[in-house]
Amino acid sequence: MSTAQFFPWQVDVAQQWLGQRERFAHAWLVHGLAGIGKREFVFAAAAALMCESPVNGLACGQCLACGWVAKGHHPDLKRIRPEVMALEEGADQEDEDGAEGSPAAEATGSSKRAPSNDIRVDQIRNLAPWFNNATHRSGFRVALIYPAEALTHISGNALLKVLEEPPPATIFLLVADAPDRLLPTLLSRCRRLPLATPSAAIAQAWLAEQKVTHAAAWLAASGGAPVLAKKMAETQPQPCPEWLSTFVTSLEKGAGMNVGQLADTISKEPASQWIELLQRLVIDINLKAHGLEIRYFPVLHKSLAVLCERLAVAQLSELADWLNQQRRVAGHTLNGKLFAHAVLQRIAAACQPTRASAR
Ligand SMILES: [Zn+2]
């Protein structure tokens, strides 16, 4: 993340928001659908807030502060994120994060712990000396905290204490996909800035600019989130994973499915990931059942048409609720393969043609 630019669909809202910086609140929660570029948004916002000669509220890209941000070592900018994410972002090469006690230094250094998925309380406590120093360019100091869902009860409370008596000239930008998963007390200390999902036309135009082919299919598979769609296009062979197409084809055929092999395949991925895809599948069946356009996997439309004939609306919502519950327990299962097997089996049972004819 060396550039600090807003995505095209963010520029208007950013200008409006950053334009009122004399009365700028000290803590904001930036939230919206996963994969629409919220992280990039707060990074670009930080650059704008620290810029010494902003243009229409946005960073000029020319001044000393902008230069520091671009090189990733502005001393008044901190990114507080789980170690796992810091490593993904290549933080170990960045001066800004190389300071003592930084997540990346600990995770890549002599530490014996595995990198954490949480924002740990030390990461919040270690900010204290930073708050006490004067800012280096007499502007704002900006702390980016993402994803805010990674705050634990303890680190969330430590942050709450800071926000209750905010340090001078310091702005906290928290990022969340799901604000309802945050501590209510923490939420009450933040002003909210909801970021809208861009229209399909804008998102597809941007994907085309990024040289993503079959933009519409990738955008559908991402749930309409262009940044995620681009990432998927770069890392996956096709918008609808092969195991899911295989599963749906066998569901369509009906009787005698052996889910064992598919369970083997998907249990190699994190359960939350494949359950989400199954949840999306059920949403698509539901949309099809109501004569609406398929949202995630348009390529499966023929099979989905067959399946929605077999499932009553009540059954579909039951299945959706059940998958929701499974997703909540997904991280705590002891045997991933058995779990995958049980989930696929449950869906297969619901989609049996015999059940429909017996109804
Ligand atoms: Zn500047």
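His214 is placed in the loop between helix H10 (200-209) and helix H11 (215-221); helices (H or I, at least four residues) and strands (E, at least two) are DSSP runs, numbered from the N terminus. The structure is a predicted model, in which local features need pLDDT of at least 70 and side-chain atom pairs count only at pLDDT 80 or more, while totals for chains, interfaces and linings use all residues. Residue numbers start from 1 along each chain as its sequence is written. Although His214 is a residue other than glycine, its phi is positive, near 55°. His214 is classed as partly exposed because 14 other C-beta atoms lie within 10 Å; with C-beta atoms placed from the backbone, a residue is buried if 20 or more other C-beta atoms lie within 10 Å of its own, exposed if 12 or fewer, and partly exposed in between.

In the chain as a whole, 19 helices and five strands are found. The C-alpha trace spans about 75 × 45 × 35 Å along its principal axes, and 36% of the 359 residues are buried. Of the contacts between residues at least 6 apart in sequence, 70% join residues at least 24 apart; a contact requires C-beta atoms, placed from the backbone, to lie within 7 Å. The chain is divided into domain 1 (8-194), domain 2 (200-235) and domain 3 (242-358), with bounds that come from an automatic or database domain assignment. A distance of 38 Å separates the C-alpha centres of domain 1 and domain 3.

The average pLDDT of the chain is 88, and 91% of the residues score at least 70; pLDDT is the predictor's confidence in each residue, from 0 to 100. Residues 93-110 have a pLDDT below 50, and this stretch has 31 contacts in the model beyond near neighbours in sequence. Residues 355-359 also have a pLDDT under 50, and for them the model has two contacts beyond four places in sequence.

The five strands form an open sheet with parallel pairing, in the order S2-S3-S4-S1-S5. Strand S2 (77-80) and strand S5 (191-194) are the edge strands, each pairing on one side only. Neighbouring strands of the sheet are turned by 20° against each other on average, direction ignored. Pairing of two strands requires that DSSP finds at least two bridges between them. Strand S1 (residues 27-31) runs parallel to strand S4 (residues 170-176) and is joined to S4 by five bridges. Within this pairing, Trp28 has Leu173 of S4 as its bridge partner, and Leu29 stands opposite Leu174 in S4. S1 is also parallel to S5, to which four bridges join it; here the bridge partner of Val30 is Leu193 in S5. In a regular strand the side chains alternate between the two faces of the sheet.

Leu77 is buried, because 23 other C-beta atoms lie within 10 Å. Leu77 and Arg141 are 64 residues apart in sequence, yet their C-alpha atoms are 6.1 Å apart in space.

Tyr146 and Pro147 are joined by a cis peptide bond, with omega about -20°. Pro147 is located in the loop between strand S3 (141-145) and helix H8 (153-164). The loop between H8 and S4 contains Ala169. Ala169 has a positive phi of about 55° although it is not a glycine. Ala169 counts as partly exposed because 15 other C-beta atoms lie within 10 Å.

Helix packing was examined for H10 and helix H12 (residues 226-235), which pack at an angle of about 35° with their axes 10 Å apart. The axes are lines fitted to C-alpha atoms, for helices over the stretch in contact, and angles run from 0 to 180 degrees between N-to-C directions. H10 and H12 cross in a right-handed manner. The contact involves Ala203, Trp206 and Leu207 of H10, together with Pro226, Ala229 and Lys230 of H12. A crossing is left-handed if the near helix is turned anticlockwise from the far one by less than a right angle, and right-handed if clockwise.
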